[in-house]
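Here is a walk through one protein model, taken a piece at a time. Have the structure open beside you and look up each residue as it comes along.

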Amino acid sequence: MKNRIFKISLLYFLLISLCASAQDLFPDGTKIPDWFRDFKIVNVNTLGEKYKLTDYGVLNDSTIVQTNKIQAVIDEAAKNGGGVIVVPEGIFLSGALFFKAKTHLYLEKGAVLKGSDDISDFPVIMTRIEGESVKYFPALVNADHVNGFTLTGEGTIDGNGLRYWKAFWLRREFNPKCTNKDEMRPRLVYISNSNDVQISNVKLKNSPFWTTHYYKCNRVKLLNLHITSPDKPVKAPSTDAIDIDVCTNVLVKNCYMAVNDDAIALKGGKGPFADTDENNGENRNIIIEDNTYGFCHSALTCGSESIHNYNIIFRRGNINTATRILNLKMRPDTPQHYEYILIEDITGEVVKIIEVKPWTQFFNLKGEKGIKMSYANNITFKDIDIKCKIDFNIKASDQFELKDFSFINMKINVEDSLIENLENIKNLKKKNIEISQKL
């Protein structure tokens, strides 16, 4: 009897171990590092001396642009070996700010760092935007080569984007072919070439362009963020909540995102020679979990400027009023490869579950003849309970190859099922897909 109990206990232990082990793996089978399971918010009291803006002559005044005064506080902290720039309760208006080594940003409860709606408060510099390293406008908050950069608190960063949005739509009315960059707009937060970054707890809203953008960073944690931009009465164009651009080891957890574009977009470069440009590269080891999504174009998008996305986990998400769960944009002018992507444990209501089709907006083969082939493989949807208008909007094309997709344990309430489109995928695996008519 004791021997039997021992065997049962051993079997139970092995089953639990196997389950735990499975949860600790990236889609390619490699182990997820413990770093991804540490959700502790950085204690700003450990980051050095605090520099409260109002102690340095910065006024609580929403009508005066005080870029130079605020930048002087950052520079003073950097000169003294680093510290925390504290925005106290009130509204502080500014243009582009540049954080330096060992400097950080903390927004107290009731604090608002508000962006100027005059583009001349954002000097043209070399930066990264839309898959290219070019001269363009910086963000409101910028940190380049600032390892350990921390942005946290209970306050708000407000991009004050209304004037920019109106100008964009007016230009688009005048010139329907104008691109995103034709109308001059800053982003809200841009972090580049930095390791061990944490952005937590703050509200980020009304960005004129992309809301947060991370380029060539390693070990980035985005925790408990509230990121919004409106879709009415004036749509906030191209205000992606999170753009991940040539980054490794990124965790996005417990965030709310509702923006007039993609919630999370994986970038990396564009153009026929994008894969040979040292400024470009892949995104690898990205975990996006326990988030809530309101209005957005897609909860997760690969593209439109993307080369290689590898080991992406998108799980335990509730999605409401989004157009898509996953969008794979396939550019005819860029060699692309999206692989080992897991979409798991998703609930809510969307227009489409997945969309894969050729990208037709603003591409340039730069004299090259013929399209560049794109590939997507080892894409898995698992444990999905969703309402939608269309389930599988997957187009057949000689521009890209789709293979090794799995659709497992899916409960779909749909108006118009296109499940036959799954046959456009090579080596398709389907298991326990339940489709009902949406009422």
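Predicted model: local features only at pLDDT ≥ 70, side-chain atom pairs only at ≥ 80, totals over all residues.

Let's begin with some strands. Strand E14, residues 195-200, pairs in the parallel sense with strand E11, residues 150-153, and two bridges join them. If you want a spot to look at, find Thr 150, whose bridge partner in E14 is Gln 198. E14 also pairs with strand E17, residues 218-223, again in the parallel sense, this time over five bridges. There, Val 197 has Val 220 of E17 as its bridge partner.

Now for a couple of hidden residues. Ala 77 sits in helix H2, which covers residues 67-79. Is Ala 77 buried or exposed? Its relative accessibility is 0%, so it counts as buried. Setting aside neighbours within four places in sequence, Ala 77 is in contact with Tyr 51, Gly 82, Gly 83, Ile 85 and Thr 103.

With a relative accessible area of 0%, Thr 211 is buried.

Next, the rings. The model has 13 aromatic pairs. Take Phe 168 and Trp 169: their ring centres are 5.0 Å apart and the planes meet at 85°, so this pair is edge-to-face. Phe 168 is buried at 1% relative accessible area, while Trp 169 is partly exposed at 32%. Elsewhere, Tyr 136, Phe 137, Phe 209 and Trp 210 make up one aromatic cluster.

On to the charges. Side chains of opposite charge can pair when their charged atoms come close. In this model the count is 22 salt bridges. One of them joins Glu 132 and Lys 181, with the closest N and O atoms 3.1 Å apart. This pair links distant parts of the chain, 49 residues apart: Glu 132 belongs to strand E9, and Lys 181 to the loop between helix H3 and strand E13. Glu 132 is partly exposed at 24%, and Lys 181 is partly exposed at 22%.

Another salt bridge brings together Lys 253 and Glu 289, at 3.1 Å from N to O. Lys 253 lies in strand E20 and Glu 289 in strand E23, 36 residues apart. Are these two buried or exposed? Lys 253 is buried, with 6% relative accessible area, and Glu 289 is buried too, with 3%.

Asp 290 forms a salt bridge with Arg 316, where the closest N and O atoms are 2.7 Å apart. Asp 290 is in the loop between E23 and strand E24, whereas Arg 316 is in strand E26, 26 residues away. Asp 290 is partly exposed at 23%, as is Arg 316 at 36%. These residues come together in a network of salt bridges that links Lys 253, Glu 289, Asp 290, Arg 315 and Arg 316.

Last stop: the surface. Ile 371, Met 373 and Tyr 375 make a nonpolar patch of about 240 Å². Ile 371 is in the loop between strand E27 and strand E28, and it is partly exposed, with a relative accessible area of 40%.

Key
Residues numbered from 1 in each chain as written. Heavy atoms only, no water. Pairing = 2+ DSSP bridges. Helix = DSSP H or I, 4+ residues; strand = E, 2+ residues; numbered from the N terminus. Patch = residues over 30% accessible without salt bridge, like charges linked within 9 Å, V, L, I, M, F, W, Y side chains within 5 Å. Areas by Shrake-Rupley, 256 points an atom, 1.4 Å probe, with all protein chains shown as cover. Salt bridge = Lys/Arg side-chain N within 4 Å of Asp/Glu carboxyl O. Buried < 20%, exposed > 50% of the residue type's maximum accessible area, 1.4 Å probe, protein only. Contact = heavy atoms within 4.5 Å. Phe/Tyr/Trp six-rings, centres within 6.5 Å; stacked < 30°, edge-to-face > 60°.
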